[in-house]
Amino acid sequence: MGTTQPIKSKEELKTFMEYYNSVHPVPRNYALVIFGLHTALRISDILNLQWKDVFDFPLQIFQTHLNILEKKTGKQKSVALNSHVTEALKNYKETRNPQPFDYIFSKNTTPAVPLCRSQAFRIIRDAARNSLHIEHISCHSLRKTFGYHAWQQGVPPVLLMEIYNHSSYQITKKYLGIDQDEKDYVYLKLIL
């Protein structure tokens with residue numbers, strides 16, 4: 001995972017996000033990309049989600065928040081589901097007839113079994129290769145991309161550390177992919 005990178009360019013990020021929506025339309029894959037980018041969840045947590053976790057079947061509406069017990073940390077987490085996530089899930093849901101206990105990200109033929117991590121990796125890698133011609137993008141890149149763009153938009157790193165459930169700031173700093181270009185920008189643009 002050490003070689004995976006966030007997608008830093010906004011233009012490249014838009015191109016990447018649109019791959020499974022308009023270039024090679026696959027609603028499930030598009031929803032997976034959008035979900036990963038906007039929730040910063042680990043792929044192991046995303047793949048374990050069932051439709052009942054995001055959709056209220058009796059009321060026929062999407063939840064405003066996802067409440068999850070993180071697999072890696074064992075910590076409870078509440079994630080707000082923004083309009084990009086709910087719209088992608090809504091479009092995907094229209095292509096299926098999911099039941100509450102069906103996994104969100106599964107094969108069409110086996111909704112009771114989630115996609116495996118290697119299949120999720122192939123989905124993300126193929127979108128990166130075909131849309132950006134980049135190799136070092138993986139499922140974890142979605143999580144890193146969330147943090148990088150949140151940081152670029154002014155979210156304090158300490159808040160990102162909390163969102164990620166990281167035990168140290170050093171880990172969060174590594175996730176953000178801060179390099180010399182970002183440091184130079186601060187030096188050149190700061191007006192005192």
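**Exercise 1. Is Asn165 buried or exposed, and where does it sit in the chain?**

Solution. Start with the accessibility: Asn165 has a relative accessible area of 16%. The cut-off for buried is under 20%, so Asn165 counts as buried. Keep in mind that this is a predicted model. Next, find its place: Asn165 belongs to the loop between helix 8 (157–164) and helix 9 (169–176). Now look at the backbone. Asn165 has a positive phi, near 60°, and it is a residue other than glycine. Finally, check the side chain, which is joined to that of Glu70 by a polar contact of 2.5 Å.

**Exercise 2. Describe the surroundings of Glu70.**

Solution. Step one is location: Glu70 lies in the loop between strand 3 (65–69) and strand 4 (76–80). Step two is burial. The relative accessibility of Glu70 is 2%, so this residue is buried. Step three is the list of contacts. Skip the neighbours within four places in sequence, and Glu70 touches Arg42, Asp45, Lys75, Lys77 and Asn165. Step four picks out polar contacts between side chains. Glu70 makes one with Lys77 at 3.4 Å, and another with Asn165 at 2.5 Å.

**Exercise 3. How many salt bridges are there, and which residues do they join?**

Solution. First, the idea: side chains of opposite charge can pair when their charged atoms come close. The cut-off here is a nitrogen-to-oxygen distance within 4 Å. By this rule, the count is five salt bridges. Let's take some of them in turn.

- Arg42 and Glu70 pair through their side chains, with 3.5 Å from N to O. This pair links distant parts of the chain, 28 residues apart: Arg42 is in the loop between helix 2 (27–39) and helix 3 (43–47), and Glu70 in the loop between strand 3 and strand 4. Both partners are buried.
- Lys52 pairs with Asp53, and their closest N and O atoms are 3.3 Å apart. Lys52 has 32% relative accessibility, so it counts as partly exposed.
- Arg125 pairs with Asp126, with 3.4 Å between the closest N and O atoms. Arg125 is buried at 18% relative accessibility, while Asp126 is partly exposed at 29%.

One last step: look for shared partners. Salt bridges that share partners tie Arg42, Glu70 and Lys77 into one network.

**Exercise 4. Which residues line the largest cavity, and which helix gives the most to its lining?**

Solution. Begin with the search. Over the whole structure, one cavity of 30 Å³ or more turns up. The largest cavity holds about 40 Å³ of space. Its lining is made of Gly36, Leu41, Arg42, Ile43, Ile46, Cys139, His140, Leu142 and Arg143. Now sort by helix: helix 3 and helix 7 (139–152) each supply at least two lining residues. Helix 7 gives the most, with four. Sort by class as well, and you get five nonpolar, two polar and two charged residues.

Notes:
Residues numbered from 1 in each chain as written. Predicted model: local features only at pLDDT ≥ 70, side-chain atom pairs only at ≥ 80, totals over all residues. Heavy atoms only, no water. Buried < 20%, exposed > 50% of the residue type's maximum accessible area, 1.4 Å probe, protein only. Polar contact = N/O pair within 3.5 Å; in protein donor to acceptor, adjacent residues only side chain to side chain. Contact = heavy atoms within 4.5 Å. 1 Å grid on protein atoms, 1.4 Å probe; cavity = no way out; pocket = protein on both sides within 12 Å on 5 of 7 lines; lining within 4 Å. Points joined across faces, edges and corners; volume = space filled by probe spheres on them. Nonpolar A, V, L, I, M, F, W, Y, C, P; charged D, E, K, R; others polar.
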